Amino acid sequence: MSALETRTDAQAAIAAATRPRRWGFWYVAEHRFRVMRSYTGTVVVAGIGSPVLYLYALGVGLATIVDASGTTIGGVSYLVFVAPALLASAGITAATEEFSYPVFLGYKWNPTFTGIHSSPITPHQIVDGVIVSVVVRLTVNMVLFYLLMLVFGAVPSATGFLAILAGLLGGLAFGTMLMSYTSTLEDDTGQIAMVMRFIVLPMTLFSGTFFPLAQFPLWLQWIGWISPLWHSTELARVATYGYAEPVWLTAVHVLVLVGLAVFGWVLSRRIAVRRLEK
Amino acid sequence: MSAPVRQESLSSAPGRRGVGSLYAGNARSVMLRGWEATRSTNWLVILSGLFEPVFYLLALGVGLGALVGRVTTTTGEQVSYAAFIAPALLAVAAMNGAVYDSTWNVFFKMRFARLYEGMLSTSLGPLDVATGEILLALARGALYAIGFLIVMQVLGLNLSWWALLALPAVLMIAFGFASVGMAVTSYMKTFQQMDWITFLMLPMFLFSATFYPLSVYPEWIQHVIQALPLWHGVEIVRALTTGAVDVGILWHGLYYAVMIVLGLVFTTRRLRVLFLD
Amino acid sequence: MPEPVIVARDLVKTYGELSAVDGISFEVAAGESFGLLGPNGAGKSTTMRMVGAVSTRTSGELSILGLDPDGSGPEIRSQLGVVPQADNLDTELRVRENLLVYGRYFGLPRRQVAARADELLAFAQLEDKGKAKVDALSGGMKRRLTIARALINDPRILLLDEPTTGLDPQARHVLWDRLFRLKEQGTTLLLTRHYMDEAEQLCDRLVVVDKGVIMAEGTPAELIRRYSTREVLEVRFGSDRNAAVAEQLHGIGERVEVLPDRILVYTDSGEADLVRITEAGLRPVTSLVRRSSLEDVFLRLTGRSLIE
């Protein structure tokens, strides 16, 4: 054997890596889909069940006493007001599920990411693949939610379907940021539970979800402004009932959400390289 | 529950078929372990549990309260929206804490951490473990309840001296959910099955007159909700903190008494099958 | 000498102040079985990770199949099979699914992966476990599945980090048998052990690593010839007397080594030396004559035992 042999070795390696280099992220997504398949039941039942429950409890139940008190919010019924917020909130919830424990699991308890990295797949592709798989799952969730909103008669505007994008964007904005945090965890001694309690829950409650942000004193309104949920909720409201806000503000919502999503994505990629290639 | 469960297993433990074979009277040591584990690792998480109902109360009481105005309770009282939801949030917190402690926590220890196997290889019986876990959950529940009642007091949402009795009432609610939760968990095999518990709690949380009176629903939905445990808990606590107490409260109490007994009966029976047969 | 598939020159890896690998050089030829022997923390796993193109070297040269891991990681990894020290199978998937998913990572078409997965399940003697959950497998089965997974892409080089740690003798036997078959088929093997036992027979050549540097290199037989004697006589006098008795063993064997629990006499004839010891009036509690092993080589080179 000679140097010629080595060259063909290298050539064979270069040929073998072309597909993984291009499609690696999709192989990771395929892997995630296979894992998700084991809990399809929960995803579907919760994906239909919880929108129905929330829409009925708040959009119908709570709406009875809100509407009875004579208050209207921006000229629409409480159902129309709260439904897009519930959709946006469902987007955040689903993204939280997928970007918290599953990510921590992949690095630590069930270290599949290490295993994947031993194949031609790069850390960047692992992060991309996880995000792609969540985008698919979130889209399913958001479409289901939107269809149920139609059933409840909560979408007066013809542009309502754009709320699906708003929910998706909100989920990703928060989700990728969360992923960059859970990627750094060496051990879970309750950090994820704390995130749920001190970030996700207050965000849900203080983001103009169940009542307009303006009900709060100014010193509490900032919670809404920095909250991805508020931005995505307001966007969804513009889409479903033409909620009147200046165009620049709508642009700000989009920019903030896209900005956060990209920031979280880039950060998660960096952390993945640092953690898997040390 | 001292009757032999199955004929063929009689020979394996002659004369030890009573509760005695399950209970060594040492639930204390199980509680002590739980307390030590809590103190050393996640006390902050435990403490943070108090904030959950407070967040709800502040956000909804202030923000939604302005939209809703005053609300009429079952007994016809007109109260502020915050005073209406506060007792419900307290009952919900009792349910959530007790269910978490008796389901996820127990399930994890049973199936994954194999903690109970270690405990049961000592002189402890399964009933010591079960009682210890339930008591620990109640102690934690009491901590949250006291904290939340203080917050209510500060915000002026305790409208009567009866509110003092809300503490034992909350413990009773927690006990009911914990004992049923543990019985249910002992039948569970996978995480996926456990997810259903969470999913069943959502409608109870949303519909049990928590955020608005039951009267907004059609009658048949009202009946379904009245059959579920959380509604009874909400009614008891709301009656106490708003001071609208009447004899009817005893019926709600009876509901919980039955729940506690049934839960314990099934837990004991199931533990015997799991660990002794 | 055929063109090497792995070339490492002055390989260094530092984590902050700590240097895990401190200037290691070696070459592995195609089809060769090459071993890294050393205690835990010697830098073996770090070396393996660098060769596996998942850890960036701090300095030095490294070439795998003529490619540099810096920049050609995916290309190199497409030709490797990796069996890590701790199994990292996906416990959320079933046995066969683990192979299917992994095969896709190499860009292989689904049908090809499916066929290969079935072959490998047979190779790993897991045919009837395809639908089982990973957690339901025994330690030995998991290890075999990890090896099967590492073979899904028909790798040129197989990296095995402590392949048999934690397995019972039966499971180890099956595993070594599978590795011998791969060696026969011409797969290049790079493996680490902190304890050489059966691996002595599997390795054509090996390096002894300690504290991030190479202490010696050669075939197992060469190393034993160079650093040890043909036989070793192990005698025990009880832990409190070993040191004192060793003083009286001067002149017996080529060299005497005192361990806490026994005395090792390096010699060409253990039996003859045992006779001399007993003739000197010393009565060992137990005695054993065995052939020299790499364990002895390591002891000689570092003054420490491989297994604590």
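UniProt positions are given in the numbering used here, with shortened feature names and with annotations that may be inferred rather than shown by experiment. The model in all views is a predicted one.

**View 1. Transmembrane regions recorded for chain A.** In an unreviewed entry, UniProt places the feature "transmembrane region" at residues 42–66, 72–95, 134–155, 161–182, 194–214 and 247–268 of chain A. Among these, the span of residues 42–66 of chain A is 100% helix and 0% strand, and its end C-alpha atoms are 32 Å apart. Residues 194–214 of chain A, by comparison, are 57% helix and 0% strand, with 27 Å between the end C-alpha atoms of the span.

**View 2. Helix α3 of chain A and the residue that follows.** Helix α3 of chain A runs over residues 40–68, and its 29 residues reach 40 Å from the first C-alpha to the last, which is close to the 42 Å expected at 1.5 Å a residue. At A:L62 the helix α3(A) bends by about 35°. Just after α3(A), A:G70 adopts a positive phi of about 85°.

**View 3. The side of chain C that touches chain A.** Of the 2 pairs of chains in contact, chains A and C share the most contacts, and 32 residues of chain C are in contact with 37 residues of chain A. On the side of chain C that touches chain A, α2 (69–77) and α3 (95–104) of chain C each supply at least two residues, and α2(C) gives the most, with 5 residues. By class, this side of chain C is made up of 14 nonpolar, 10 polar and 8 charged residues. Chain B, in turn, has no contact with chain C, and the closest C-alpha atoms of chains B and C lie 11 Å apart.

**View 4. The two domains of chain C.** The domain assignment divides chain C into domain 1 (4–219) and domain 2 (229–291). Between the C-alpha centres of domain 1 of chain C and domain 2 of chain C there is a distance of 39 Å.

**View 5. Two residues of chain C with positive phi.** Most residues other than glycine have a negative phi. C:D10, although not a glycine, has a positive phi of about 50°, and its place is in strand β1 (residues 4–15) of chain C. With 14 other C-beta atoms within 10 Å, C:D10 is partly exposed. C:E162, likewise not a glycine, has a positive phi of about 50°, and C:E162 lies in the loop between β6 (157–161) and α6 (169–184) of chain C. C:E162 has 19 other C-beta atoms within 10 Å and is therefore partly exposed, given that a residue counts as buried if 20 or more such atoms lie within that distance.

Notes. Residues are numbered from 1 along each chain as its sequence is written. Chains are lettered from A and ligands numbered from 1 in the order in which they are written. This is a predicted model: local features need pLDDT of at least 70, side-chain atom pairs count only at pLDDT 80 or more; totals for chains, interfaces and linings use all residues. Two residues are in contact if their C-beta atoms, placed from the backbone, lie within 7 Å. Helices (H or I, at least four residues) and strands (E, at least two) are DSSP runs, numbered from the N terminus. Ala, Val, Leu, Ile, Met, Phe, Trp, Tyr, Cys and Pro count as nonpolar, Asp, Glu, Lys and Arg as charged, and the others, Gly among them, as polar. The expected span of a helix is 1.5 Å times one less than its number of residues. The bend at a residue is the angle between axes fitted to the seven residues ending there and the seven starting there. Domain bounds come from an automatic or database domain assignment. A residue is buried if 20 or more other C-beta atoms lie within 10 Å of its own, exposed if 12 or fewer, and partly exposed in between; C-beta atoms are placed from the backbone.
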